[in-house]
Amino acid sequence: MAVTTEAKTYLNYINGEWVASSSEEVTKSISPANKNEVVGYVQKSTKEDLDKAVAAAKAAQASWRKLSGAARGEFLYKVANILEKNLDDIAETMTREMGKTLPEAKGETARGVAILRYYAGEGLRKVGDVIPSTDSEALMFTTRAPLGVVGVITPWNFPVAIPIWKMAPALVYGNTVVLKPAGETVVTAAKVIECFAEAGLPAGVVNMVSGSGSVIGQGIIDHPDVNGITFTGSDQVGKQVGQGALARGAKYQLEMGGKNPVIVANDADLDLAVEATISGGLRSTGQKCTATSRVIVQSGVYEEFREKLVAKVKELKVGDGLQGDTWMGPCSSESQLNTVLSYVQKGKEEGATLLYGGEKVQGAGLEEGFYVQPAVFDNVSSDMAIAQEEIFGPVLALMKVETIEEALQVANDVKFGLSASIFTTNIGNMLSFIEDMDAGLVRINAESAGVELQAPFGGMKQSSSHSREQGQAAIEFFTSIKTVFVKG
Ligand code: NDP
């Protein structure tokens, strides 16, 4: 397409240079708050562009891995400082490009800074163990080797934090990187990569190529010189990534969807549970993989909880994420909006009762955006699509149960197992939940959507390929263990 407005054009970053795609074509990145607003023009890249980026990453590998972990960490400290300096601009770009509110976007960017500093410090931490050999004259120990070139494929919902929590450990452990950001958030990604460029990383260590999933994403999956692929996104695409990587023997890591429950026990602090259900389910317009979507409530407090929840949800202000009084921004795209509306329709057809919301928001100034009211369904049963499938939008499904055992049975009755929370004051309920809940993150008296950067993150069942990201767990994916046996 031709460039028609004042919006800036963003280039690919390959071998230390900002370059246009060989296609000579761009696509526009629009704002979900107003589809007529162009946030920027981005490169519609080709396989040829990707080949150049992978070649650059491959060429940079030998000298990058030869640096000490401390030296690689120093670069990450520099990136962190630059990201912090640019925080306001990057957060505002994120809000304009994918809709989350400005305070959330600032929080996410600050998280990116903290992740970079955490992994900068990893450059100085231990990477192996001494293991006693049966030979008394030998020394046996483990060390770690980087994978080589790592392909990073990321979604739009955390366009700063997710690329950084993949790239920072990849880099500090000695890999070089080719990032393919989500099509919807390339401008934000480009601004993050600008921080790496300004920090002076050697050419080829970090590369970014924007373009479609089917060309650039698939190109990374198939590329013989990409040694590892780390992916976050939908379970459909994730499975393709895993199968493709496996077919050519590349290492892969997949973080995918969730259908996360909150259990509210008869003895719960109901005000706390309501607040956490709203925050966990509806912040970021429900577009977090850890968002609460099923609300499983014991019968003794069901009606009271429901009334409190609906009353609070009705108060939430939907609007442009840049406006100070907005609590919930738009869906990130028209297709996300249509997905939410179609699930609301499906819920009604399946016999659930829509208590509130689920309509496109029509208010003044919002006509051109992808706004939807948060929705609360009652009388939801576990076999309904709205209780089984990931909607990735602001839709809460209320389900009534008699006992905690039944609550856990319902909570586990989905193919996903990413995060889950329970509100209870009873230690027995807490212990049953910790033991029996099939989820990679289990949280007690806290919302389902909280993640700390120094702790392992990832899901069970079909939410993940069962490796973990973040914290020190990241070393497992981004390196291979080498067992060393030395005899003098
Ligand atoms: P997608 O799976 O559609 O896209 C994720 C990334 O994969 C994008 O960069 C996309 O590119 C790319 N891609 C698309 N098709 C292919 C392909 N054929 N081969 C290789 N790459 C491809 O997910 P969304 O971006 O829509 O993100 C939302 C999903 O991410 C939700 O389902 C959510 O649950 C999940 N998610 C999971 C998290 C977790 O940690 N478990 C965290 C955050 C989100 P393009 O954008 O160009 O299509």
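Student: Which atom of Gly233 lies 3.3 Å from an oxygen atom of the ligand?

Tutor: A backbone N or O atom of Gly233 lies at that distance from the ligand oxygen. This is a predicted model, in which local features need pLDDT of at least 70 and side-chain atom pairs count only at pLDDT 80 or more, while totals for chains, interfaces and linings use all residues. Residues are numbered from 1 along each chain as its sequence is written, and side-chain values use heavy atoms, with hydrogens and water left out.

Student: How much of the ligand does the protein bury?

Tutor: Taken alone the ligand exposes 900 Å², and the protein buries 86% of that, with accessible areas coming from the Shrake-Rupley method with a 1.4 Å probe.

Student: What about Gly183 and the ligand?

Tutor: A polar backbone atom of Gly183 is 2.8 Å from an oxygen atom of the ligand.

Student: How many residues surround the ligand, and which are the closest?

Tutor: The ligand is surrounded by 30 residues, the closest being Thr154, Ser234, Met256, Cys289 and Glu390; a residue is near a molecule if one of its heavy atoms lies within 4 Å of it.

Student: Which helix gives the most to that shell?

Tutor: Helix 7 does, with four residues, helices here being DSSP runs (H or I, at least four residues) and strands likewise (E, at least two), numbered from the N terminus.

Student: Switching topic, where is Ser29, and is it buried or exposed?

Tutor: Ser29 is found in strand 4, residues 26-31, and counts as buried because its relative accessibility is 3%, where buried means under 20% relative accessible area, exposed over 50% and partly exposed in between (1.4 Å probe, protein chains only).

Student: What does the side chain of Ser29 make a polar contact with?

Tutor: The partner is the side chain of Glu97, at 2.6 Å. A polar contact is a pair of N or O atoms within 3.5 Å; within protein, one must be able to donate a hydrogen and the other to accept it, and residues adjacent in sequence count only if both atoms are side-chain atoms.

Student: Which phi does Gln470 have?

Tutor: Gln470 has a positive phi of about 65 degrees although it is not a glycine, whereas most residues other than glycine have a negative phi. Gln470 lies in the loop between strand 20 and helix 15 (474-478), and counts as buried at 1% relative accessibility.

Student: And Asn445, what is its phi?

Tutor: Asn445 has a positive phi of about 55 degrees, and with a relative accessible area of 30% Asn445 is partly exposed.
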